[in-house]
Amino acid sequence: MRTYRPNPIVSLVSRLVSPFIVMFALYVIFHGHYSPGGGFQGGTLIAAALILIRLSEGNEAAQLQFPRSWGTPLGSLGVLIYFGTGLATVLMGGRFLDYSVLHLSHHVSMSRSYGILMVEIGVGLAVTAILVSIFDNLLEGNPDV
Amino acid sequence: MFDFIVGHYAYWFVFILMAIGLYGMIIKCNLVKKLIGMSIFQVSIILFYVAGANKWGATVPVADPALGTADPAKYINPLPHTLMLTAIVVGVATMGVALALVITIYKRYKSLDETRLLEQMRKEDDTE
Amino acid sequence: MILSNSPALVPLSLLLAAIVIPMAAFRRRWLAYPLALCASAFATGISVVNIIRVLTEGTIHYHFGGWIPPIGIEYVLDPLSSFVTLVVNAVSLMVLVHARRSVAAELPDKSMPFYAVVMLMLTGFNGIILTGDFFNLYVFLEISSLALYGMIAVGGRKSPIAAFRYLIMGTVGGSFYLLGVGFIYMTTGSLNMADVARIAPSLHQQPALVAALGLMITGLGIKMAIFPLHGWLPDAYTYAPSASSALIAPVGAKVGVYAIIRVIFYVFGVEFVRNSLPITEILAWLGAIAIIYGSIQAIAQKEMKRMLAYSSVAQIGYIGLGIGLANPYGIIGAVLHVMNHALMKACLFLVAGNYRLKLGHSTIPRLDHRVRRRMPWTTAAFTIGALSMVGVPPTVGFFSKWYLALGTIQNGRWLFLTALLVSSLLNAVYFFRILEKVYMKPLEGEAADDGSVSLDEAPASMLVPTLVLGIALLLLGLLNAVIVTGIISRIVPPGM
């Protein structure tokens with residue numbers, strides 16, 4: 001990563017493919033609670049889409065898409081969504097992470113399903129932000145020309 | 001005897017991988033090679049759990065309307081797979097921390113060889 | 001609501017602080033420390049509430065998510081877990097009060113990530129102690145380990161190497177533990193500790209179950225730093241920043257000890273262990289060797305933190321010996337020593353931190369009587385800590401050694417008793433040489449005592465925790481009988 005030389009084919013293909021990766025990643029996140037998939041898997045895919053742009057367009061240009069300073073706060077926000085769901089269940093009188101007291105639906109099982117979905121979204125956000133921030137931290141101090 | 005080796009081939013692979021991983025972590029001097037050994041070691045344990053979740057003649061644990069949901073012997077056990085998701089995340093996080101440490105060590109000491117680094121550390125200790 | 005959820009609130013409050021600190025302190029740096037201190041104080045308060053609940057109501061089970069075990073994950077509050085959480089949280093609170101000036105001096109621009117990582121470490125420790133599920137223990141074990149690697153690596157120049165070596169060894173330990181859990185799951189079909197304890201006797205020492213026991217003990221032994229697996233400990237404790245060493249050294253290895261006590265005595269039971277692998281025997285021998293080896297190595301050290309690190313190896317040997325004896329006195333001695341060592345080591349590492357802040361170093365050959373004139377209260381706290389490590393009554397150190405000695409006598413192991421007594425002498429050697437340096441006058445011809453050294457004690461926020469811990473060493477020693485009969489005698493597992 002010492003010198004960055006722009007390559008039109010790599011640049012075009014990665015810019016074309018990256019939104020589809022994000023779309024597939026959202027599909028994986030939202031289907032995680034009753035079929036293969038989930039927060040971590042989807043989060044990794046979104047992070048892969050963001051890192052693909054960093055690799056093909058150069059680190060400095062990619063900061064316009066997802067700045068370096070967003071990594072840790074978004075990661076904390078994701079974990080806070082997870083924690084907040086659990087805290088909401090405690091405040092409604094149940095145990096921690098007992099989604100059935102959230103009354104998101106008439107059926108208890110659907111309420112649990114939506115509760116896990118909220119947790120998966122939080123996890124996906126956290127994993128995305130943290131993986132991109134790991135990539136940025138490892139490259140710190142080695143700006144590509 | 002034949003069944004002991006070939007019938008349990010998954011577990012033999014797991015332990016061979018574990019031995020390779022431990023060899024890498026202990027014997028190799030380069031820090032990055034130690035990390036590769038650590039990664040192989042963790043992957044071998046993940047494979048152990050996944051291999052243990054299998055059942056004869058069973059299919060993917062997604063509810064199939066043709067098979068029904070009455071008989072659990074028709075679907076493989078999904079619990080070890082879920083546990084291993086967590087283990088994979090732990091492996092990724094550990095690798096991230098380890099790589100950050102390796103980069104810091106290289107910036108300060110300009111070497112990734114463990115014997116030279118330890119010598120350098122002891123020398124700096126004595127001169128303090 | 002707080003009372004009914006109290007077992008879970010201990011790690012959850014610390015986790016909330018760990019999440020909120022990066023977000024809140026993003027703009028205002030000064031928010032990090034008060035948040036950390038509040039969370040730690042809250043967790044200590046809830047730990048006290050937990051102990052009172054356990055003493056009045058008996059063992060409490062908390063089911064996460066409303067799912068009933070063995071399907072769901074549960075937290076178990078029994079006398080052992082509530083006692084160890086109280087020790088961990090109270091000692092960490094004391095050290096956190098001390099840490100403000102120490103971190104501001106040694107890590108000026110990294111205070112916000114440091115406190116967040118400290119909160120994560122404490123979440124991990126409390127989770128390990130409270131959980132009643134094997135895999136949940138692995139998760140919290142890895143959370144705390146990653147936080148520990150981070151805390152050690154921010155020290156001076158040599159700390160990343162120490163953190164890297166600890167990372168390699170710690171990952172091996174965690175992975176061995178995970179493999180053991182895998183074996184247990186494949187043979188018993190359950191991951192809940194109480195459930196496995198119910199199922200295990202009927203399986204009659206299946207090879208997979210015995211292998212699981214061996215692997216788990218090995219993995220947890222690496223985390224506990226019992227003798228041949230202690231290689232990461234001296235470098236990690238020495239090169240970490242003062243606040244990190246003071247947070248890790250008292251409680252870091254104790255969670256490994258706690259997990260080993262759970263696995264050997266509560267899950268598998270002493271009978272199972274005696275009939276399958278001679279693990280208790282091996283632990284007792286390794287403990288005895290660790291005691292002698294650690295004490296001898298500590299005598300050879302020139303730097304105070306390194307000496308305290310090798311001394312920790314010896315003290316963990318005491319606890320290993322207590323577990324290995326596997327009789328009531330041994331277990332009482334081991335658990336009492338968990339508390340005592342936490343208090344003693346915290347006091348001593350805080351003294352080393354005070355010396356580092358005020359004198360700029362903590363090397364032993366450079367200490368002299370001017371130190372005593374300059375920092376009398378810190379040196380007094382060091383004296384109490386040293387007397388406690390040697391085992392002089394009525395400090396706490398004497399009582400845990402007394403119970404361990406009673407345990408060795410009850411089993412008739414005279415060799416271990418000799419090791420205990422000899423180690424007290426060795427402890428005296430390496431502590432009293434420091435006391436001699438700071439309290440005795442120099443020889444004729446050396447720098448005379450010209451009275452020009454003025455009182456320049458450490459700031460109050462660093463001095464008060466040191467003194468509180470020193471006084472606690474004396475007070476808890478005098479109140480020792482209350483603690484043993486009140487809580488620790490209930491920890492002796494059933495069937496002994």
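Predicted model: local features only at pLDDT ≥ 70, side-chain atom pairs only at ≥ 80, totals over all residues.
What share of the contacts in chain B with a separation of 6 or more comes from residues 24 or more positions apart? The figure is 47%. Good morning.

Chain B contains 5 helices and 0 strands. Read from the N terminus, its elements follow the order α-α-α-α-α. Its radius of gyration is 21 Å, whereas the globule rule gives 14 Å for 128 residues; chain B is therefore more spread out than a compact globule. As for burial, 23% of the 128 residues in chain B are buried.

Let us now consider the partners of chain B. With chain A, the contact involves 5 residues of chain A and 7 residues of chain B. On the chain A side, helix H5, which covers residues 108-138, gives the most, namely 3 residues. Sorted by class, this side of chain A has 3 nonpolar and 2 polar residues, and no charged ones.

We move on to chain C. Here 22 residues of chain C are in contact with 25 residues of chain B. Which helices of chain C each supply at least two residues of the side that touches chain B? They are helix H5, residues 134-153, and helix H6, residues 159-188. H6(C) gives the most to this side, with 13 residues. By class, the side of chain C that touches chain B comprises 15 nonpolar, 4 polar and 3 charged residues.

Is C:Ser244 buried or exposed? To answer, one counts the C-beta atoms around its own, and a residue is called buried if 20 or more others lie within 10 Å. C:Ser244 has 32 C-beta neighbours inside 10 Å, and so it counts as buried.

Which residues does C:Ser244 touch, leaving aside those up to four places away in sequence? They are C:Met151, C:Ile152 and C:Gly155.

Thank you for your attention.

Technical notes: Residues numbered from 1 in each chain as written. Chains lettered and ligands numbered in written order. Helix = DSSP H or I, 4+ residues; strand = E, 2+ residues; numbered from the N terminus. Rg over C-alpha atoms; globule rule 2.2 N^0.38 Å. Buried ≥ 20, exposed ≤ 12 C-beta atoms within 10 Å, placed from the backbone. Contact = placed C-beta atoms within 7 Å. Nonpolar A, V, L, I, M, F, W, Y, C, P; charged D, E, K, R; others polar.
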